[in-house]
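I wanted to go through this one piece by piece and jot down what turned up. Here is the thing itself before the notes.

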Amino acid sequence: MAELETAVDGLGTTYSSQPPHELWPTAARLRHRVFTFQHEHRHTLREARELARHAGMLSVILAWVAHDLGEGDLVRAYCDDAWAQGEQADLPEVGAWAEDVRSTHALYDSRPLDALLAATRGLAVAPRDGNAAVRLSAQVARAHARLGNHHEFERAAVRARDYQAQLPVHGTGLFGVDAVRITSYDASSYGWLGHANRARAAAEEAIGQYRSFPRPLQAPTRLAIAQLDLAQAHSALGEPDAATATARQALTSGRIVDSVRGRAQQLDHTLQRRYPQAPAVTEFTEELKVILAV
């Protein structure tokens, strides 16, 4: 059991530094191993709960991998399984972490109302002031922003920022929390709400923090999203050259997951609509086609 605990913790800690297609077989193999223990071995009630906890958290990890690979059906399936395992373990926090994934996936899948529902559902069962509660509070805020709910966003953002003052700058893996995540969510939120200057300031702050992360804690996907948020802000402020230059930096990340692809495509569509004659935009469109074809 201790070996299994170490393996699950290791996956969560190193998640952001590994390509999702490499994570999948490792996490799936561990999940199958837990399934075998659950159904083919005798164990005590305490051991059964521990196995259910491990199974649930592995399903959360697999849901994140599925999200990064753009496999929506698998995201939903693994989130549902994590909920079920959390109930078996009598640990609602497992279900809360599943809703964190579900909310993120819905947001990037252009389903902001589903994102809000998932975040609210997760927050209802998350242990008070725990890591999952902090993450889900920030999820609620950005889902409201994506829906264009200015007042509700501001109310939810206050709660998230209350947590932010107590958080470390650098995160600690897939299930950690850090102050810069909330700043990064603000960058996205202000962009969706049409506050370009505030979006730019938040994105620049987030980028500076992500770049300062020690190597074991680096988060290339989150850095790329912050850079694309900054590019969107440059576009809204009439700066297409700066927008394309910043977007190129985002696309040099060694971890181009589905969410980064989607944000880059959204930026490209916006730039083409706003600046159809700009040479920098034409060049970026052609470069993006090549990158996304790989």
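**Entry 1: salt bridges**

I kept in mind that this is a predicted model. I searched the whole structure for salt bridges and got 20. I then picked a few to look at individually.

I started with D109 and R111, which pair up with their closest N and O atoms 2.8 Å apart. Are these two buried, partly exposed or exposed? D109 has a relative accessible area of 39%, so I put it down as partly exposed. R111 comes out at 26%, and that also makes it partly exposed.

Next I took R222 and D178, a salt bridge with a closest N to O distance of 2.8 Å. I checked where the two partners sit: R222 is in helix α11 (residues 220-236), while D178 is in the loop between α8 (150-164) and α9 (179-192), so this pair ties together parts that are 44 residues apart in sequence. Both R222 and D178 are buried.

E287 belongs to helix α14 (residues 279-293) and R248 to helix α12 (residues 240-250), so here the tie joins parts 39 residues apart in sequence. On accessibility, E287 is at 33% and counts as partly exposed. R248 is at 26% and gets the partly exposed label too.

I also found a network of salt bridges, which links D80, E99, R102 and R121.

**Entry 2: helix α11**

R222 had already taken me to α11, so I stayed there.

I then looked at H234, which is found in α11. Its relative accessibility is 10%, under the 20% cut-off, so H234 counts as buried. What does the side chain of H234 make a polar contact with? I traced that contact to the side chain of E239, at 2.5 Å. With neighbours within four places in sequence left aside, I listed R200, E239, A242, A243 and T246 as the residues in contact with H234.

**Entry 3: S137**

I moved on to helix α7 (residues 131-146), where S137 has its place. S137 is at 2% relative accessibility, so I logged it as buried. Where does a polar atom of its side chain find a backbone oxygen? I found the one of A133, 2.8 Å from the side chain of S137. Not counting residues up to four places away in sequence, S137 touches L123, A156, R159, A160 and Y163.

**Entry 4: a nonpolar patch**

Last, I checked the surface. L113, L117 and L147 make a nonpolar patch there of about 260 Å². I followed up on L117, which is found in helix α6 (residues 112-125). With a relative accessible area of 47%, L117 is partly exposed.

Terms used:
Residues numbered from 1 in each chain as written. Predicted model: local features only at pLDDT ≥ 70, side-chain atom pairs only at ≥ 80, totals over all residues. Heavy atoms only, no water. Helix = DSSP H or I, 4+ residues; strand = E, 2+ residues; numbered from the N terminus. Buried < 20%, exposed > 50% of the residue type's maximum accessible area, 1.4 Å probe, protein only. Polar contact = N/O pair within 3.5 Å; in protein donor to acceptor, adjacent residues only side chain to side chain. Contact = heavy atoms within 4.5 Å. Patch = residues over 30% accessible without salt bridge, like charges linked within 9 Å, V, L, I, M, F, W, Y side chains within 5 Å. Areas by Shrake-Rupley, 256 points an atom, 1.4 Å probe, with all protein chains shown as cover. Salt bridge = Lys/Arg side-chain N within 4 Å of Asp/Glu carboxyl O.
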